Amino acid sequence: MSPAFPVFACPYAKKLAAKSRRFALQVYDAKTTGNAAAAKYSADPFGELSGAGKIPGLKQRFPDRVLVMTTERCFMTCRHCTRQGIFGKAPIVDTTEKLAACVEYVKAHPKVRDVLLSGGDILTLPDKKVMEFVDAFTALPQIDLVRVCTRALCVNPSRITSALAKKLARSGKVWVNTQFNCADEVTDEARAAAARLVDAGIPVSCQTVLLKGVNDSGSGMLKLLKSLSAARIRPYYVFMCDPVAGIERFRVDIEKARKIEQYCAERIGGLSLPRFVIDKPGAKRKIPI
Ligand code: SF4
């Protein structure tokens, strides 16, 4: 594990971990996390470090979208994080010049219509910095969507202020993508944060990771999906664990995943039913399980 890997949990996340065992399991703990060096999986399966392109902090895997690494900080370090092997090593867009280079790249690739502002968690940055990223891309006529990728709704919901929601909504192009993994996480505070975004006009979607011990049962997953849609957060994807070293303890086998999907599909309508997928390095799409 990189010594630069920032192990951290904000006060709200610590409080939630004290109340919920399923959430506590997701908080990074060096003592119980697998040994990345000894594992059969890669620390960088998507080549975010080894295959880094010419533009520092920008990554393009698909023709219509790019990922921009805005920071390496998070409100909480997740034990299942896909990027845990590259934190502290991968380039981030931390200067005006680097952001300008990303914008130039997008302009030179007119098929790009969707920008993911990721990291780390972009909302660990101050509003002014967040809006510099958002405005730089929403201003481009070719861009239809800018995705603010943040786990703040779940791990630090007070970060989603009404003032921030209003600023994010002003272009009409921003969507928020978040991550909740079990129903315990959909607290009153999280629901209020989602309401601030949705009431401002921002669609909120959730990507869940299928994790052993956290959400690997039909009834547990169904409870999460119901809680999310009641909070006006659209369940969007359930991902099988990425092939990342160090997270072996969380892997759920594919047959079990299919049974969980079927259990939910037979009990909830399509609007609340996410796609269960695998994000496979080199694949041209997310692969249904
Ligand atoms: S919030 Fe996202 S990027 Fe940050 S540690 Fe958790 S999974 Fe990784």
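How many bridges join strand S8 to S9, and in which sense do the two strands run? Select residues 275–278, which make up S8, together with S9: 2 bridges join them, and the strands run antiparallel. Within this pair, isoleucine 278 has isoleucine 287 of S9 as its bridge partner. Note before going on that the model is predicted.

**The sheet**

Now widen the selection to the strands from S1 through S9. These 9 strands form an open sheet, in the order S1-S2-S3-S4-S5-S6-S7-S8-S9, with mixed pairing. Strand S1 (58–62) and strand S9 (287–288) stand at the edges; each has a single partner strand, so one side of each is left without a neighbour in the sheet. Strands of a sheet pair through backbone hydrogen bonds, either parallel or antiparallel.

Select residues 127–138, which are helix H4. This helix lies across four strands: S2 (65–69), S3 (114–118), S4 (145–149) and S5 (174–178). Relative to S4, H4 runs at about 160 degrees.

**Helix pairs**

Two packed helices are described by the angle between their axes and the distance between the axes.

The crossing of H3 past H4 is right-handed. Show side chains for Leu99, Val103 and Val106 on H3; these meet Glu132, Phe133, Ala136 and Phe137 on H4. By class, this contact of H3 with H4 has 6 nonpolar residues, no polar ones and 1 charged residue.

Next, select helix H6 (residues 162–169) and helix H7 (residues 188–200). Their axes come within 9 Å and cross at roughly 35 degrees. H6 also passes H7 in a right-handed crossing. From H6, Ser162, Ala165, Lys166 and Ala169 meet Arg196, Leu197 and Ala200 of H7. The contact of H6 with H7 divides into 4 nonpolar, 1 polar and 2 charged residues.

Move on to helix H8 (residues 218–230) and helix H9 (residues 254–265). What angle do their axes make where they cross? The value is roughly 50 degrees, and the axes come within 9 Å. That angle makes H8 oblique to H9. The crossing of H8 past H9 is right-handed. On the H8 side, select Gly218, Met221, Leu222 and Leu225; on the H9 side, their contacts are Lys259, Ile260, Tyr263 and Cys264. The contact of H8 with H9 has, by class, 6 nonpolar, 1 polar and 1 charged residues.

**The ligand**

For the last stop, centre the view on the ligand. Which residues surround the ligand? They are Cys74, Thr77, Cys78, Cys81, Arg83, Gly120, Asp121 and Arg151. Colour this shell by residue class to find 3 nonpolar, 2 polar and 3 charged residues around the ligand.

Definitions and conventions
Residues numbered from 1 in each chain as written. Predicted model: local features only at pLDDT ≥ 70, side-chain atom pairs only at ≥ 80, totals over all residues. Near = placed C-beta within 6 Å. Nonpolar A, V, L, I, M, F, W, Y, C, P; charged D, E, K, R; others polar. Pairing = 2+ DSSP bridges. Contact = placed C-beta atoms within 7 Å. Axes fitted to C-alpha atoms, helices over the stretch in contact; angles between N-to-C directions. Left-handed = near helix turned anticlockwise from the far one by under 90°. Parallel < 35°, antiparallel > 145°, perpendicular 65-115°, else oblique.
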